[in-house]
Amino acid sequence: MTDLTEAAHPLLVVQQVRKRVRPLREAREIYATCMASADFDNGVTLVASIHRFDLTRTILIGDLGLTNAQRAVLEKIENVEIFRPEPSNLTSSKPRHSVRMAIVQQIAETEAFGTLVFWIDPDIALYAGLNPIFETIRNDGLYLLSGRSNSSETIDEGCFGFRIDPENVALLDASLQRQPKPNGQVLSAVARGAGCHIRTGSDAAIAELDDLDMSALRGAKDTAGQRFRHGVVTAGKPMLRHHGAMKDFSGLSFAYRRKNLCGILGNGPSLSRVDLATLTDMDTVGMNAALRFWHKIGWYPTLYCCLDEVVGMSLRNELIELVANRKTYGIELFIVRRNLFDWLDSQGVTDGVICFDILRDGYDILMSNPVTTGSHAMGWAVVTGYHRLLLAGIDGNYVEQVQGSELKDNIVMEIVSDGHNPNYFFKEYQQVGDKYLKPNPIEDMHKRSWLRIKWRLPKDVLVVNCSKSSLVDAFPRVDLETARKSLKQ
């Protein structure tokens with residue numbers, strides 16, 4: 001790059017590199033983007049696409065007004081860092097281009113010299129690794145694209161990279177000082193004036209996919225949405241821009257260490273024969289009111305799942321204590337319905353809690369119907385990265401109305417007095433005052449939920465059922481000890 005002197009470019013004479021105390025962290029290589037609430041689906045799709053090729057570089061996300069539920073998801077994704085742009089960068093009078101460039105400038109002023117930054121707008125996704133682009137940034141200092149060779153055309157500022165050094169910080173300063181031009185030509189004009197090379201025409205790295213929306217994605221097998229998911233895009237283009245809402249979270253990596261084997265612990269009577277404290281060779285998913293038993297024995301699962309909107313709210317006062325002390329108990333993540341998340345949020349207690357409803361449509365396996373806590377707890381385990389799973393306590397032999405229960409509202413039941421309850425693995429599972437949905441408001445709903453989610457399992461996922469008496473026949477039956485020995489390898 002040409003030296004940024006008065007002779008090289010008069011615009012830069014008055015620009016001085018801002019004197020900020022550089023962070024103590026070492027130079028690194030990072031992706032950067034920003035998200036408002038409306039960008040969440042596209043943005044998480046971008047992050048998931050990065051994870052498919054790169055689980056080493058950090059992804060910086062500028063928060064332009066995410067909801068608490070959206071932010072809670074991003075906070076638990078591996079290699080993601082969220083930051084709040086300076087308020088002066090977010091004025092409504094600024095065009096989108098100026099906001100983007102102001103955020104980029106903020107990153108340039110707060111990261112160490114030598115850091116490589118690749119900016120990607122949230123309506124772009126990766127279809128190949130970007131190591132060659134980072135190498136270009138390292139060698140050339142800037143990576144700018146233009147869709148055409150005409151020098152008057154704007155660069156594609158939805159995708160550009162730069163090495164943080166005094167020259168580039170001055171260049172960004174200069175681009176912000178210029179009066180905005182139509183179509184976001186500011187950075188392009190200043191970069192050309194500073195002698196920077198801009199890749200044009202066939203060198204452009206982004207393919208386009210027009211008019212993609214969720215209806216097309218949910219559509220059928222040979223639509224543009226399906227091609228997007230499977231990566232059939234223009235040869236040689238590592239990135240693709242879609243125009244519309246895109247929600248494909250497959251490949252997303254959540255930030256916690258996993259063991260090879262995961263046990264899905266239902267609450268059926270057969271679980272009483274399992275010593276939970278001995279399950280140290282696997283991660284586990286526990287659910288619903290089993291937390292009452294965990295407190296008794298001082299043992300807790302890796303993940304917690306409650307997808308019954310009535311049960312969740314009925315347990316909310318017990319669940320808030322579990323969430324508040326999750327690090328003490330060793331619980332990595334909670335997955336709950338929106339009504340419970342919103343209530344926990346109103347109490348200021350959402351650390352580690354993810355709202356099922358804002359993620360569901362991003363994963364093929366979670367879109368299975370009907371939704372039950374058991375079947376979709378397994379689906380959630382698959383989503384978080386497990387390929388070997390065993391079911392324990394998944395019995396499916398419910399007594400539809402137990403002693404002491406009353407039907408209160410269509411399909412909502414309530415325990416109104418103590419009575420014999422054969423549905424669960426410990427006596428105190430349900431208590432007076434508990435509300436819950438009828439186990440099978442639709443005939444064989446639980447059994448069907450397991451069969452249907454089985455059809456959506458990735459081919460490399462193996463599931464076995466360790467309950468000999470279970471009525472759930474979607475998976476092969478293997479005794480617990482055999483499953484533990486064979487699946488954890």
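This is a predicted model: local features need pLDDT of at least 70, side-chain atom pairs count only at pLDDT 80 or more; totals for chains, interfaces and linings use all residues.
1. **β1 and β2.** Start with the parallel strands. β1 and β2 run parallel and are joined by six bridges. Isoleucine 30 has threonine 58 in β2 as its bridge partner. Between the two strands the chain passes through helix α1 (residues 40–53), and this β-α-β crossover is right-handed.

2. **β2 and β3.** On to the next pair. β2 and β3 are also parallel, with four bridges between them. Here isoleucine 61 is partnered by isoleucine 82 in β3.

3. **Burial of β2.** How many residues of β2 are buried? Six of its six residues are, and the strand is mostly covered. In a regular strand, side chains alternate between the two faces of the sheet. In β2, Thr58, Leu60 and Gly62 point one way. Ile59, Ile61 and Asp63 point the other way. Both sets are buried.

4. **Aspartate 63 and arginine 84.** Aspartate 63 forms a salt bridge with arginine 84, and their closest N and O atoms are 3.0 Å apart. Aspartate 63 belongs to strand β2 (residues 58–63), while arginine 84 sits in the loop between β3 (80–83) and α3 (96–110), so the pair ties together parts 21 residues apart in sequence. Arginine 84 is exposed, at 55%.

5. **Arginine 138 and glutamate 29.** The structure holds 23 salt bridges. In one of them, the side chains of arginine 138 and glutamate 29 meet, at 2.1 Å from N to O. Arginine 138 is in helix α4 (residues 131–140) and glutamate 29 is in strand β1 (residues 29–35), so this contact ties together parts that are 109 residues apart in sequence. Arginine 138 is partly exposed, with a relative accessible area of 34%. Glutamate 29 is partly exposed too, with a value of 22%.

6. **Arginine 484 and glutamate 481.** This salt bridge lies within one helix. The closest N and O atoms of arginine 484 and glutamate 481 are 3.2 Å apart. The two residues are three residues apart in helix α17 (residues 480–487), which means that about one helical turn separates them. Arginine 484 is buried, with a relative accessible area of 10%. Glutamate 481 is partly exposed, at 41%.

7. **The β18-β19-β20 sheet.** Last, an antiparallel sheet. Its three strands form an open sheet in the order β18-β19-β20. β18 (405–409) and β20 (435–437) stand at the edges with a single partner strand each, so one side of each has no neighbour in the sheet. Neighbouring strands are turned by 35° against each other on average, direction ignored. Strand β19 (residues 412–415) pairs with β20 in the antiparallel sense over three bridges. Which residue in β20 stands opposite valine 412? That residue is leucine 437.

Notes:
Residues are numbered from 1 along each chain as its sequence is written. Side-chain values use heavy atoms; hydrogens and water are left out. A salt bridge is a side-chain nitrogen of Lys or Arg within 4 Å of a carboxyl oxygen of Asp or Glu. Buried means under 20% relative accessible area, exposed over 50%, partly exposed in between (1.4 Å probe, protein chains only). Two strands pair if DSSP finds at least two bridges between them. Axes are lines fitted to C-alpha atoms, for helices over the stretch in contact, and angles run from 0 to 180 degrees between N-to-C directions. A crossover is right-handed if, with the strands pointing away from the viewer, the path from the first strand over the helix to the second runs clockwise.
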